[in-house]
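Here are my notes on this one, in the order I went through it. Have the viewer open while you read.

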Amino acid sequence: MAPPSHCFVTVDGAADNGALLAAPVMVDAPQQKLQCPNVLDAEEFRRQGHQVIDFIADYYGRMGDYPVHPSVTPGFLRDVLPTDAPRRPEPDAFGSALQDVRDLMLPGMTHWQSPRHFAHFPASSSTVGALGEALIAGINVVPFTWAASPAATELEMVVVDWLGKALHLPESLLFAGGGGGTFLGTTCEAILCALVAARDRKLAEIGGNRIGDLVVYCSDQTHFSFRKAARIAGIQRDHCREVQTYHGDMFALSPTELQAAIQADVDAGLVPLFLCATVGTTQTTAVDPVGELRAVAASHGVWVHVDAAYAGSALVCPEFRHVITGVESVDSFSMNPHKWLLANNDCCAMWVKKPCALVAALGTEQEYILKDAASEGHDIVDYKDWTITLTRRFRALKMWLVLRCYGVDGLRDHIRSHLRMAEAFESMVRADARFEVVTERHFALVCFRLRSPEKLGGEKTANQLNRRLLDEVNAVSSGPYMSSANVGGMYMLRCAIGSTLTEERHVNDAWKVVQDRASAILRKMEIIYSVLG
């Protein structure tokens, strides 16, 4: 890892950290001392790398010392950091920087890897996933074409098929069956890529001047990233149909309601374009009936995409195959291994039935500099033509390591352990008559709320009561961190179990905190009502 053979120095040889006081001249390295640092020195990398590994290991070892969510106010960090970057590095700058991370930043972080983090779907971590990220950063290739890094491209093609088979996806979505897949950063990218492909395919049929007539469909539980993607793709804001869902259907999208919405648009002279069905919605993990929705969409030529960002990981377990019944007929499918499949941020997998639709919409003319004689005459994949970005990361290496080192059975064990803990939490909620489970538990999210006694206002005060309960639960410094959902007019607490470090004792402790805070709140309310009454 030798430094460049030439480097700028000042005329008198004095270093000035990039701010030259005199006209620079070029000198050969053997004649003068180099003034630019060797920023890829192998031994220095080894020394600092050990520091980082020790830092991360200590962080996980001390995870219990931190409240899951910090009690800080805006500006807490900006006010203590310098307003300008340093002109020259301080002695042992790397060590000092790590100390600042420990002393200034970690106390102000929401600790997503905490075993007491139940607020969001997991950002799962593993030793192999983290080290895979280090390998990606260290090798640092840019595999936007086959020629730019042949091994990276071909590994990605292999691994997306591996993962698709592990998730029990149909062969029609895999390279092996004429489809294909890729690794992206987030589901937001996957939805946008699919939407742009669908848009261009439809406009090729009806004419580009009718883009203003295109309409897209989702439920009122679909993640907001879909509406954002639709705006980016040029769909008018009022042409995004959010079909209402109902508690009786467990907030899943109704095929009947979808058919009514599409037919109304057809009757108005508009053009149905795209449906985003969700397996595992963000608020309650509702499961849209994929096959039935696809049957409705098919007669109108609507592209159907399945967003399984969170719940897609559970598909490694054969007992969840039923949640994607009918997936063999959809156009595209995406899920996030970084959420629950030990792949560390970031890693989203997307599969499409007809990759040519992506290439037609997102492909670029091959520049001479990107061509490679070895690829001539071969049917190769240039992933720059599958995605929005050209610069892309070697995510396949990380996913390959996770699959190779843990195996499909190991990933199933990981998912099932969280499912068992979620089932136990749900049972504890149901065993306490003061509480109710609001929605059916499909995966490892439990949505529940505290019942408001009639003498304390009943249903009229239920939402306010549960807002207060969540605030008090999250205020316990050593307690759990949970979140809320407001669906169908009902405010509920969300307990999402999925951190790699979570054990049964953390779940039991979390429930005890919920019960204790509920008891305290109800006692106070009874006193207030008795005084007022």
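1. Contact here means heavy atoms within 4.5 Å. With that in hand, take the contacts in the protein chain between residues at least 6 apart in sequence: 74% of them join residues at least 24 apart. This is a predicted model, where local features need pLDDT of at least 70 and side-chain atom pairs count only at pLDDT 80 or more, while totals for chains, interfaces and linings use all residues. Residues are numbered from 1 along each chain as its sequence is written, and side-chain values use heavy atoms, with hydrogens and water left out.

2. Overall layout. The C-alpha trace of the protein chain spans about 90 × 60 × 45 Å along its principal axes. The chain has 13 helices and 13 strands, both taken as DSSP runs numbered from the N terminus (helices H or I, at least four residues; strands E, at least two). Of its 533 residues, 48% count as buried, i.e. under 20% relative accessible area with a 1.4 Å probe, protein chains only (exposed is over 50%, partly exposed in between).

3. The core. A nonpolar core is a set of buried Ala, Val, Leu, Ile, Met, Phe, Trp, Tyr and Cys residues joined through side-chain atoms within 4.5 Å. The largest one holds 104 residues, and Val279, Phe333, Trp351, Phe425, Phe443 and Phe448 touch the most other members. Helix 11 (residues 395-431) gives the most to this core, with 13 residues. Apart from it lies another core of 35 residues, including Leu195 and Cys276. Back to Phe448: beyond its neighbours within four places in sequence, its contacts include Phe425, Phe435, Met482, Met492 and Trp511.

4. Strand 7. Why call strand 7 largely enclosed by the rest of the structure? Because 5 of the 5 residues of this strand (residues 303-307) are buried. Trp303, His305 and Asp307 sit on one side, Val304 and Val306 on the other. Trp303 is the bridge partner of Phe274.

5. A loop residue worth a click. Asn336 is in the loop between strand 8 (332-335) and helix 9 (337-340), and at 2% relative accessibility it counts as buried. Leaving aside neighbours within four places in sequence, Asn336 is in contact with Thr186, Thr187, Ala308, Ala309, Ser313, Cys347 and Cys348.

6. The pocket. On a 1 Å grid over the protein atoms alone, a pocket is an open set of points with protein on both sides within 12 Å along at least five of seven lines, a cavity is a set where a 1.4 Å probe fits but cannot get out, and lining residues have an atom within 4 Å of a point. The largest pocket has a volume of about 720 Å³. Its lining has 23 residues, with Ile53, Ile56, Ala130, Leu131 and Ala134 nearest the centre. Helix 1 supplies the largest share, 9 residues. By class, the lining has 14 nonpolar, 8 polar and 1 charged (charged is Asp, Glu, Lys and Arg; nonpolar is Ala, Val, Leu, Ile, Met, Phe, Trp, Tyr, Cys and Pro; the others, Gly among them, are polar).

7. The cavities. There are 2 cavities of 30 Å³ or more, a volume being the space filled by probe spheres set on the points, which are joined across faces, edges and corners.

Technical notes:
Pairing = 2+ DSSP bridges.
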